[in-house]
Amino acid sequence: MPLDIPQVFKVHVFACFQQRPPGHPRGSCQTAGGGPLWDRLSAKIEGLGNPEISMTATGCLGFCRAGPLMVVYPAGIWYRPQTTDDIDEIVKSHFVEGNPVERLIIVPQL
Ligand code: FES
């Protein structure tokens, strides 16, 4: 039975800040280029000034080879942005306008 609990955030994005050494067999989102993307994401979200849109830095989300990864709740949408322009598009289209950016969505494989 679904619970009727109010949501704290309209958008809550978790971005993977995990860093492993170059050449590590699992790779990591930071070595895959996450750093500048997450800096941009943080700045864009802060710039919105909307307390209902929040970002949390996380460790490994479990799908390292697919990185850099971010996952957005409550929708449960996984993104693999490649450029800061991708970040800008996700923030504007998804977070502000409510339209997920289909071309940047991935479905991690368990
Ligand atoms: S290092 Fe980012 S998902 Fe594992």
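Trainee: Great, what should I know before starting?

Mentor: This is a predicted model, where local features need pLDDT of at least 70 and side-chain atom pairs count only at pLDDT 80 or more, while totals for chains, interfaces and linings use all residues. Residues are numbered from 1 along each chain as its sequence is written.

Trainee: How many helices and strands does the chain have?

Mentor: Two helices and five strands; these are DSSP runs numbered from the N terminus, with helices (H or I) of at least four residues and strands (E) of at least two. Along the sequence the pattern reads β-α-β-β-β-α-β.

Trainee: Which residues in α1 and α2 meet?

Mentor: Pro36, Leu37, Arg40, Leu41, Lys44 and Ile45 in α1 meet Thr84, Ile87, Asp88 and Val91 in α2. Contact here puts C-beta atoms, placed from the backbone, within 7 Å.

Trainee: New topic: which residues touch the most other members of the largest nonpolar core?

Mentor: Val13, Ala15, Leu41, Met70, Val72, Tyr79 and Ile90, out of 20 residues. Such a core is a set of buried Ala, Val, Leu, Ile, Met, Phe, Trp, Tyr and Cys residues joined through C-beta atoms within 7 Å. Buried means 20 or more other C-beta atoms within 10 Å of a residue's own, with C-beta atoms placed from the backbone.

Trainee: And which elements supply it with at least two residues each?

Mentor: β1 (11–16), α1 (34–48), β3 (70–73), β4 (77–79) and α2 (84–96).

Trainee: What does Ile90 touch?

Mentor: Tyr79, Pro81, Phe95, Val101 and Leu104, leaving out residues up to four places away in sequence.

Trainee: Last one: what share of the chain is buried?

Mentor: Buried residues make up 25% of the 110 residues.

Key:
A residue is buried if 20 or more other C-beta atoms lie within 10 Å of its own, exposed if 12 or fewer, and partly exposed in between; C-beta atoms are placed from the backbone. Two residues are in contact if their C-beta atoms, placed from the backbone, lie within 7 Å.
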